[in-house]
Structures are given as C-alpha cells and as structure tokens.
Amino acid sequence: RAQLAQERAESGRLRARVAEEVATRTQQQEVLSRLSEECSALQSDLAVEREAMGSVVAEQQMAIAKAQVSEGKLSSLESKHSDVIQKEEDSQRQLSKLRAELDTSRGEHRVV
C-alpha cells in the first residue's frame with residue numbers, strides 16, 4: 001500500500017510537471033505569435049519607409065535613418081523569435097520526457 005501511495009504521489013507530481021510544461025509551451029506559443037506579428041508589422045513599416053524616400057537628399061537621409069532603426073528592431077525581434085523557438089523546442093523535448101515518465105509510472109502502477 002505504501003508503494004502504491006508513493007507511486008500515486010509520483011504520478012501526481014509528474015502530472016503537475018506535465019501541466020506546467022504545457023502551460024509554459026502555451027505561453028511561449030503566445031509570445032511567438034506576438035513576436036511574429038511585430039516582425040510582420042516592422043517589415044511592413046520598413047517597406048513603407050523605403051517607398052516614401054523622396055528625391056530630396058535630406059528626406060532620403062531621414063528615411064534611411066528610420067529604416068536602419070526598423071532593421072535593428074527587426075533584427076532584435078528575429079533574434080527573440082529564434083530564442084522563443086529554441087525554448088519551445090526545449091519545452092517540447094521536456095514535455096515528451098515527462099510524458100514518457102508518466103507513461104512509465106502508469107505502467108509500473110498497473111504491474112503492482
């Protein structure tokens with residue numbers, strides 16, 4: 001009985017860890033979605049800024065400066081985007097590991 005109670009407690013802890021990983025992954029997917037939207041908006045802004053460059057040198061210099069700022073922001077967001085994808089992959093691996101542990105725990109529980 002003590003072993004069964006211990007296995008049930010471990011199973012409960014594993015379920016909690018799986019739920020936590022699922023919540024983390026969901027949150028990361030939401031961040032990834034927001035970052036993707038921001039990247040798209042910045043790409044659109046950058047395209048508009050490039051088209052708006054006029055024939056006057058001062059206007060061109062101003063537009064180039066703005067485009068460089070947008071490119072810097074885009075680069076930063078792309079880096080964050082990459083980091084979030086890596087974290088999501090890590091989270092997916094952890095989730096798979098926890099599910100395997102839970103399945104193993106359930107299998108051991110059935111044997112008892």
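Is Arg-13 buried, partly exposed or exposed, and what is its relative accessible area? Arg-13 is partly exposed, at 46% relative accessible area. Here buried stands for under 20% relative accessible area, exposed for over 50%, and partly exposed for the range in between (1.4 Å probe, protein chains only).

The model is predicted; local features need pLDDT of at least 70, side-chain atom pairs count only at pLDDT 80 or more, and totals for chains, interfaces and linings use all residues. Residues are numbered from 1 along each chain as its sequence is written, and side-chain values use heavy atoms, with hydrogens and water left out.

The protein contains two helices and zero strands. Both element types are DSSP runs numbered from the N terminus (helices, H or I, at least four residues; strands, E, at least two). Helix H1 covers residues 2–51. Helix H2 covers residues 57–111. Of the 112 residues in the protein, 21% are buried. The accessible surface comes to about 7,900 Å². Carbon and sulfur atoms hold 51% of that surface. Areas were computed by the Shrake-Rupley method with a 1.4 Å probe, and for residues only the protein chains shown count as cover.

Contacts (heavy atoms within 4.5 Å) were examined by separation in sequence. Among contacts in the protein with a separation of 6 or more, 85% involve residues 24 or more positions apart.

The largest nonpolar core has seven residues. A nonpolar core is a set of buried Ala, Val, Leu, Ile, Met, Phe, Trp, Tyr and Cys residues joined through side-chain atoms within 4.5 Å. The members are Leu-32, Leu-35, Cys-39, Leu-42, Leu-74, Leu-77 and Val-84. H1 and H2 each supply at least two residues of this core. The largest share, four residues, comes from H1. Leu-35 is in contact with Leu-77, Lys-80, His-81 and Val-84, leaving aside neighbours within four places in sequence. A second, separate core has five residues, including Leu-14, Val-18, Leu-98 and Leu-102.

Ser-70 lies in helix H2. Ser-70 counts as buried because its relative accessibility is 8%. Beyond neighbours within four places in sequence, Ser-70 is in contact with Leu-46 and Glu-49.

Side chains of opposite charge can pair when their charged atoms come close. A salt bridge is taken as a side-chain nitrogen of Lys or Arg within 4 Å of a carboxyl oxygen of Asp or Glu. By this rule there are five salt bridges.

One of them joins the side chains of Arg-13 and Glu-10, at 2.8 Å from N to O. The two residues are three apart in helix H1, so about one helical turn separates them. Glu-10 is partly exposed, at 30% relative accessibility.

Another salt bridge joins Arg-17 and Glu-101, at 3.9 Å from N to O. This pair links distant parts of the chain. Arg-17 is in helix H1 and Glu-101 in helix H2, 84 residues apart. Arg-17 counts as partly exposed because its relative accessibility is 37%. Glu-101 is also partly exposed, with a relative accessible area of 26%.

Asp-90 forms a salt bridge with Arg-93. Their closest N and O atoms are 2.2 Å apart. Asp-90 and Arg-93 are three residues apart in helix H2, and therefore about one helical turn separates them. Asp-90 is partly exposed, at 35% relative accessible area.
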